[in-house]
Amino acid sequence: MSKRHPRIFIFIAVFFLTAYNVSCQEIVGKWKTIDDRYGTPKAIVELYKEGGLLHGKVLEIVEKGKENALCIKCDGDLKNKPVEGMKIIFGFKDNGEGVYKGKKLFDPEQAMTFRGRIWLDPDNPNQLKVRGYLAFLYRTQTWIRVVE
């Protein structure tokens, strides 16, 4: 038996472990939102899948002085409700290439709903790009994965 066989098995094992690790870098999980204007952390949002679609809710407000923020600009059932626990991403669908698109990305601070697009940064899977569209205008935030 050749001495190359053990090296081949090690190479194959390393290849599959690396491939598994990359595939585990999923969009689902907890993310720290970062204000795109000032670079300050604002909240922890949990992204989860339900029925094959991506959803997100605010778990915690981390911005100093706004920990108990209420949705004061909101209308209807959300008027004066706590932002913490609020669902802000509704039914985003994966386009098959790891980009999730949807029509309901809610910003409780502005009480506005946007079309949205969400994807992992191809250069850093611990950064998430979240883009909201209003007509042809858009803003993109970079969120940071919360590692527990």
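This is a predicted model: local features need pLDDT of at least 70, side-chain atom pairs count only at pLDDT 80 or more; totals for chains, interfaces and linings use all residues.
Local features need pLDDT of at least 70, side-chain atom pairs count only at pLDDT 80 or more, and totals for chains, interfaces and linings use all residues. Residues are numbered from 1 along each chain as its sequence is written, and side-chain values use heavy atoms, without hydrogens and water.

The chain has 1 helix and 8 strands. Helices (H or I, at least four residues) and strands (E, at least two) are DSSP runs, numbered from the N terminus. Their order from the N terminus is α-β-β-β-β-β-β-β-β. Of the 148 residues, 28% are buried. Buried means under 20% relative accessible area, exposed over 50%, and partly exposed in between (1.4 Å probe, protein chains only).

There is 1 disulfide, a pair of cysteine sulfur atoms within 2.5 Å. Cys71 and Cys74 form it, with 1.6 Å from S to S. Cys71 is buried at 0%. Cys74 is buried too, at 2%.

Salt bridges number 8. Each puts a side-chain nitrogen of Lys or Arg within 4 Å of a carboxyl oxygen of Asp or Glu. One pairs Glu148 with Lys30 at 3.2 Å. Glu148 follows strand E8 (137-145) and Lys30 sits in strand E1 (residues 29-34), so the pair ties together parts 118 residues apart in sequence.

Glu109 has a salt bridge with Lys42 (3.3 Å, N to O). Glu109 also pairs with Lys66, at 3.1 Å between the closest N and O atoms. Shared partners join Asp35, Lys42, Glu63, Lys66 and Glu109 into one network.
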